Each structure stands twice: as C-alpha cells, then as structure tokens.
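Hi there,

Here is the structure I promised to pass on to you. My notes on what turned up in it follow below.

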Amino acid sequence: MTPTPDTAPTRRDNPSAFERMRADYRATLKSMDTEEGIDLAFYRPIGYAWARLAKALGVTPNAITIASIFLGVGAGICFYYPSLWINVIGMLLLIWANSFDSADGQLARMTKQYSRIGRILDGLSGDFWFATIYVAICLREVHTSEFFMAHNWAIWALAVAAGVCHAKQAAMADCYRQFHLFFLKGEEGSELEDYTLLKAKLNSLSWSRNFWQKLTLTFYTNYTRQQEATAPAMQELRRELHARYGDAPAPKAFRDEFRRLSLPLMKYTNILSFNWRTIALFFSLFIAMPWVYFAFELFILNLLMIQMIWRHERLCRKLTQELKDGKYPQD
C-alpha cells in the first residue's frame with residue numbers, strides 16, 4: 001500500500017545520521033547565547049569528537065580534565081625556551097589542552113555526569129596551565145632580557161599583578177555567564193552557586209572524614225564569596241527574586257527582559273575567557289617579547305572587566321527596581 005501524505009514517513013520522523021549527530025552535538029553546548037565564536041568554529045567540534053571517543057572508551061570527564069592539566073603544564077614549560085619552534089610546540093599543546101577542556105564539559109552534558117568536584121577541577125586546570133606559563137615567562141625574561149636581568153623583581157611583580165587580575169577577570173566572566181544561563185535554561189542548565197548554601201555544606205563536612213572534599217570546597221566557597229562580593233547589585237537582585245517568587249521560576253516577561261539586557265554583555269565574558277588571552281600570548285611569543293602578555297592582561301582585559309561589571313551591575317539595579325515597582329507579576 002502506498003503511504004498517503006498523512007501516513008508517509010517524514011524527514012522529521014526519520015532524521016539522517018548527520019542530523020542526529022548535529023542534534024547530539026548541539027545538546028553538548030551550554031547555549032548559543034554564551035558560546036564564543038572561536039569555540040563554535042574550532043574548539044567545540046574538536047571537543048565533541050574527543051567526547052564521543054571518550055564515551056565509547058568509558059573515559060570520565062574528570063579524567064579528561066586531568067589529562068588537560070598535563071598538556072597545559074607541558075605547554076607552559078615550552079614557553080620558557082627562547083626558541084620559536086619549541087614555543088610553537090607549546091602553542092599546539094595548549095590548543096590540545098583547551099580542546100580537552102572543551103571535551104570534558106561536552107562529555108559531562110552528553111552523559112549527564114555532572115558534579116561539583118568536576119566543576120572545581122575544571123577551574124583548577126586552567127589555573128595550573130597559567131601558573132606554569134607565568135613562571136616560565138618570568139624565568140625566560142630574567143635569563144634573556146637585559147632589562148629584566150638587571151631588574152628581575154620587575155617581571156615577577158608584573159606576573160603576580162597579572163595573575164591576580166587574571167583570576168578576578170575569569171571569575172567574574174564565569175559569574176555573569178552562569179547568571180545568564182540561570183535565566184535562559186533554569187537551575188539545571190546553570191552552575192550558578194550561592195555562598196550561603198556552600199558555606200553551610202562546608203560546615204557540615206569534617207576535616208578528619210572528608211579531608212579532600214572539604215579542602216576543595218573551601219577554595220570553591222571562597223571563590224564564590226569573592227564573586228558575590230564583586231557584584232552586590234546582582235546579589236540584591238537574587239534576594240529580591242527569592243523574596244517575591246521563592247523557589248518558583250521568575251516570570252517569563254522578567255526572564256526575557258533579563259536576557260535582552262544581558263546578551264550584549266556576553267561578548268565581554270567571552271573576551272575575558274581563554275581564546276583572546278591565548279591570541280595575545282601567542283603574539284607576544286612570536287615577537288619574542290612574552291612580557292607583553294602580562295601588559296595585555298593588566299591594561300586591556302582589566303578595562304574590559306571594569307566595563308562588564310559596571311554595565312551588569314547597572315542592569316541588575318534597574319531590574320531590581322522594576323521588581324519592587326511590581327512590573328513583573330507572577331505567571
């Protein structure tokens with residue numbers, strides 16, 4: 001019997017293997033709102049391939065994260081040498097490490113293997129990479145630069161200042177990205193944390209029985225506290241939302257308005273993340289002036305961070321006032 005138009009199988013009912021893979025790939029992304037262009041064009045497709053291979057082999061997201069640490073540290077060691085071809089090897093290792101950093105999150109979303117320890121470990125991996133890179137650059141400069149040979153304290157001071165700023169920049173970019181995802185995809189689609197809840201969890205753990213869990217959670221709780229302290233208007237908005245709606249989702253009109261105001265700021269969170277940092281780092285290595293990377297973090301990225309915080313705090317104050325004025329009744 002020839003299928004009628006109503007009973008004939010459609011492409012939607014029988015997607016091709018490519019369409020199924022494409023849908024599976026898109027499901028491993030956090031959201032199109034928060035994805036960075038270089039990631040979408042390069043790292044996410046490669047990370048997806050790694051994630052599929054890891055899933056087939058039974059490799060966990062945390063194992064991929066640990067592997068990325070070794071690759072990133074190896075990259076940093078390569079940047080110590082004033083040889084361009086060794087530096088290029090380091091660049092390739094760092095790109096490989098970041099493809100693994102992409103893969104661990106994609107694998108976690110693919111297999112539903114979410115965990116707070118995985119998020120903490122993921123954050124620590126980048127710290128290991130850049131700590132090694134900073135030390136390697138400093139040692140290189142004090143051995144090859146006449147100025148820093150005579151004033152070796154200067155490069156270490158520059159590196160410490162850049163490192164502190166780097167940590168703050170990355171923390172606030174992550175904070176605002178997770179806040180955006182919270183309203184876009186709900187609590188399950190975001191990794192937004194609450195310092196008060198984390199502190200209560202930390203206090204419930206024992207150093208004798210839960211040493212490693214308590215140690216990692218101590219650092220993570222302090223990380224969250226610093227994020228919240230830097231964004232007081234954001235915390236006021238969260239309190240106002242909870243006072244009005246409790247644990248229920250905010251009204252759709254509010255979520256839509258937040259997304260409209262927050263979406264233009266995602267470009268700042270992306271610039272303050274990995275890709276543009278490494279472009280500046282690779283440029284400084286190609287011109288054999290690695291200290292330029294520290295200057296980039298201190299001046300360019302700090303200005304972008306200040307602009308991002310100021311604009312986000314302003315939109316949070318605006319929305320808090322609108323909530324108090326009763327603009328968004330509960331759905």
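**Helix 2 against helix 4**

The axes of helix 2 (residues 37-57) and helix 4 (residues 84-111) come within 7 Å of each other and cross at roughly 60°. Because of that angle, helix 2 is oblique to helix 4. Angles under 35 degrees count as roughly parallel, over 145 as roughly antiparallel, 65 to 115 as roughly perpendicular and the rest as oblique. The crossing is right-handed. On the helix 2 side, the residues in contact (heavy atoms within 4.5 Å) include Phe42, Tyr43, Ile46, Trp50 and Ala54; on the helix 4 side they include Ile95, Trp96, Phe100, Ala103 and Leu107. By class, this contact of helix 2 with helix 4 has 13 nonpolar, 6 polar and 3 charged residues. Here Ala, Val, Leu, Ile, Met, Phe, Trp, Tyr, Cys and Pro count as nonpolar, Asp, Glu, Lys and Arg as charged, and the others, Gly among them, as polar.

**Before you use the numbers**

This is a predicted model, in which local features need pLDDT of at least 70 and side-chain atom pairs count only at pLDDT 80 or more, while totals for chains, interfaces and linings use all residues. Residues are numbered from 1 along each chain as its sequence is written, and side-chain values use heavy atoms, with hydrogens and water left out.

**The whole protein**

The secondary structure comes to 14 helices and 0 strands, where helices (H or I, at least four residues) and strands (E, at least two) are DSSP runs numbered from the N terminus. The C-alpha trace spans about 80 × 60 × 45 Å along its principal axes. Of the 331 residues, 45% are buried (under 20% relative accessible area, with exposed over 50% and partly exposed in between, for a 1.4 Å probe and protein chains only). Among contacts with a separation of 6 or more, 77% join residues 24 or more positions apart.

**Helix 3 and its neighbours**

Helix 3 (residues 61-78) has 18 residues and reaches 26 Å from its first C-alpha to its last, close to the 26 Å expected at 1.5 Å a residue. Its buried residues include Ile64, Ser68, Leu71, Gly72 and Ala75. What do the buried residues of helix 3 pack against? They pack against helix 2, helix 4 and helix 5 (116-144).

**Helix 5 and helix 13**

The axes of helix 5 and helix 13 (residues 274-286) come within 14 Å and cross at roughly 20°, so helix 5 is roughly parallel to helix 13. This crossing is left-handed. Trp129, Phe130, Ile133, Ile137 and Arg140 of helix 5 meet Phe274, Arg277, Leu281 and Leu285 of helix 13. The classes are 7 nonpolar, no polar and 2 charged residues.

**Single residues to look at**

Cys316 sits in helix 14 (residues 291-324) and counts as buried because its relative accessibility is 0%. Leaving aside neighbours within four places in sequence, Cys316 is in contact with Phe179, Ala233, Met234 and Leu237.

Lys112 has a positive phi of about 60° although it is not a glycine. Lys112 lies in the loop between helix 4 and helix 5, and at 61% relative accessibility it counts as exposed. Ala288 also has a positive phi of about 60° without being a glycine. Ala288 is in the loop between helix 13 and helix 14, where its 53% relative accessibility makes it count as exposed. For context, most residues other than glycine have a negative phi.

Best wishes

Notes. Axes are lines fitted to C-alpha atoms, for helices over the stretch in contact, and angles run from 0 to 180 degrees between N-to-C directions. A crossing is left-handed if the near helix is turned anticlockwise from the far one by less than a right angle, and right-handed if clockwise. The expected span of a helix is 1.5 Å times one less than its number of residues.
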